[in-house]
Each structure stands twice: as structure tokens, then as C-alpha cells.
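Colleague: I have a structure open on my screen and would like to go through it with you. Could we take it question by question?

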Amino acid sequence: MEIELEECPACRGAGYIVHEGGWNVQVECADCGAHTVYVEYENDEQKAEAERQVAMLWNIGKVIKHTPGE
């Protein structure tokens, strides 16, 4: 299953799915560094669900931006 990501809600850059340590995932902007929260997983089934969760958060604009006041 392919996960579709919208443009970055902060800068309209490209978002990509990032796994760290083999136990969590987030979506991050390649241009400005805005990102979703981390979602943890323990196995492949949870990993797929975690990817869907961060993609949904990204696509509705729930991101953390690195700008003053954020």
C-alpha cells in the first residue's frame, strides 16, 4: 500500500516518512524541517498503522514548525 503525502503545510515542500531506531516514525519536510509527532511501533503490523497515522496528521496540517513562537 502506498501512502500519499500532501505538500508541507508550513512551506509547501515535499514531505517524507522517516523511521528512527526501528521503533518510531514521523513525517518530515525536506525543505523547512517541519514534522509530525513521533508514533511508536513494536512490529510490522503496528509499523504500517503508525505510518498511516503520521501521514494523516501531516495531511491535515498537524505539524511542529521551528519558527519563533512555536
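Predicted model: local features only at pLDDT ≥ 70, side-chain atom pairs only at ≥ 80, totals over all residues.

Colleague: In which helix do R52 and E49 both lie?

Modeller: Residues are numbered from 1 along each chain as its sequence is written, and side-chain values use heavy atoms, with hydrogens and water left out. Helices are DSSP runs of H or I with at least four residues, and strands are runs of E with at least two, numbered from the N terminus. R52 and E49 sit three residues apart, about one turn of the helix, and both belong to helix α1 (residues 44–59).

Colleague: How far apart are the closest N and O atoms of R52 and E49?

Modeller: Side chains of opposite charge can pair when their charged atoms come close. A salt bridge here is a side-chain nitrogen of Lys or Arg within 4 Å of a carboxyl oxygen of Asp or Glu. The structure holds one salt bridge. R52 forms a salt bridge with E49, and their closest N and O atoms are separated by 3.0 Å.

Colleague: Does R52 count as buried, partly exposed or exposed, and which class has E49?

Modeller: Buried means under 20% relative accessible area, exposed over 50%, and partly exposed in between (1.4 Å probe, protein chains only). E49 has 35% relative accessibility, so E49 counts as partly exposed. R52 has 36%, and therefore R52 also counts as partly exposed.

Colleague: Where is D44 placed, and is D44 buried or exposed?

Modeller: D44 has its place in helix α1. Its C-alpha atom is separated by 15 Å from that of E2, 42 residues away along the chain. With a relative accessible area of 64%, D44 is exposed.

Colleague: In what order do the elements of the chain run from the N terminus on?

Modeller: The chain has one helix and three strands. Starting at the N terminus, the order is β-β-β-α.

Colleague: What radius of gyration does the chain have, beside that of a compact globule?

Modeller: The radius of gyration is taken over C-alpha atoms, and the globule rule is 2.2 Å times the number of residues to the power 0.38. The C-alpha trace spans about 35 × 25 × 15 Å along its principal axes. For 70 residues a compact globule would have a value near 11 Å, which agrees with the chain's 12 Å.
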